[in-house]
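Please read them alongside the structure shown here.

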Amino acid sequence: MRRIRNTLGAVGAATALALTGAATATPAHAEPAGTTSLYAPSAIVLTVGTGEEAGTATVARAVTLSCAPTPNGTHPSPKAACAELRAAGGEFSGLVDTSPQRICTREWDPVVITAQGVWQGKPVSWSTTFGNTCLMEAGLAEGALFAF
């Protein structure tokens, strides 16, 4: 009888200790996913390639551009490119001159430019095709965004 009482006492003490420890332990909290920055993410990959469509084009050149919180990336002029994109309200189409004043041949050697990523927290997937390199240079004029 004494043995059962000691065993029950030991089990009761262990149970009480376990319950007390569990009650005072603080639960682990996972950190929220994502960034804690005050700036919406703006990170874009810009490409220039040959071909008629973005999905089948052969990429000739590519750079990265991040505009928040400060302009950086592999783009040769990130500050000017971010300023240009900001001025256009993030509308890549607004950076292309649809009726350039430059004279170009009518040779069909298509060039595709693309922008993929995130601009001010919103997904971006944009591309346009020019008939040839001369038309691309004319359409982009003196812009900094695709000058790489």
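1. In this predicted model, helix 2 is followed by G89. The phi angle of G89 is positive, near 65 degrees.

2. Within helix 2, the buried residues are P78, A81, C82 and L85. Viewed down the helix axis, these residues fall within an arc of 95 degrees, so they line one face of helix 2. As a general point, an α-helix has 3.6 residues a turn, so residues three or four places apart point the same way.

3. What covers this buried side? The cover over the buried residues of helix 2 includes strand 1 (43-50), strand 2 (58-66) and strand 3. On the face turned away from the buried side, helix 2 carries the exposed residues K79 and A87.

4. How many salt bridges does a search of the whole structure find? The search finds one. In this salt bridge the side chains of E137 and R102 meet, with an N to O distance of 3.4 Å. The pair links distant parts of the chain, its members being 35 residues apart: E137 belongs to helix 3 (residues 133-140), whereas R102 lies in the loop between helix 2 (78-87) and strand 3 (111-119). In general, side chains of opposite charge can pair when their charged atoms come close.

How values were computed:
Residues are numbered from 1 along each chain as its sequence is written. This is a predicted model: local features need pLDDT of at least 70, side-chain atom pairs count only at pLDDT 80 or more; totals for chains, interfaces and linings use all residues. Side-chain values use heavy atoms; hydrogens and water are left out. A salt bridge is a side-chain nitrogen of Lys or Arg within 4 Å of a carboxyl oxygen of Asp or Glu. Helices (H or I, at least four residues) and strands (E, at least two) are DSSP runs, numbered from the N terminus. Buried means under 20% relative accessible area, exposed over 50%, partly exposed in between (1.4 Å probe, protein chains only). The arc is that of the directions from the helix axis to the C-beta atoms. Contact means heavy atoms within 4.5 Å.
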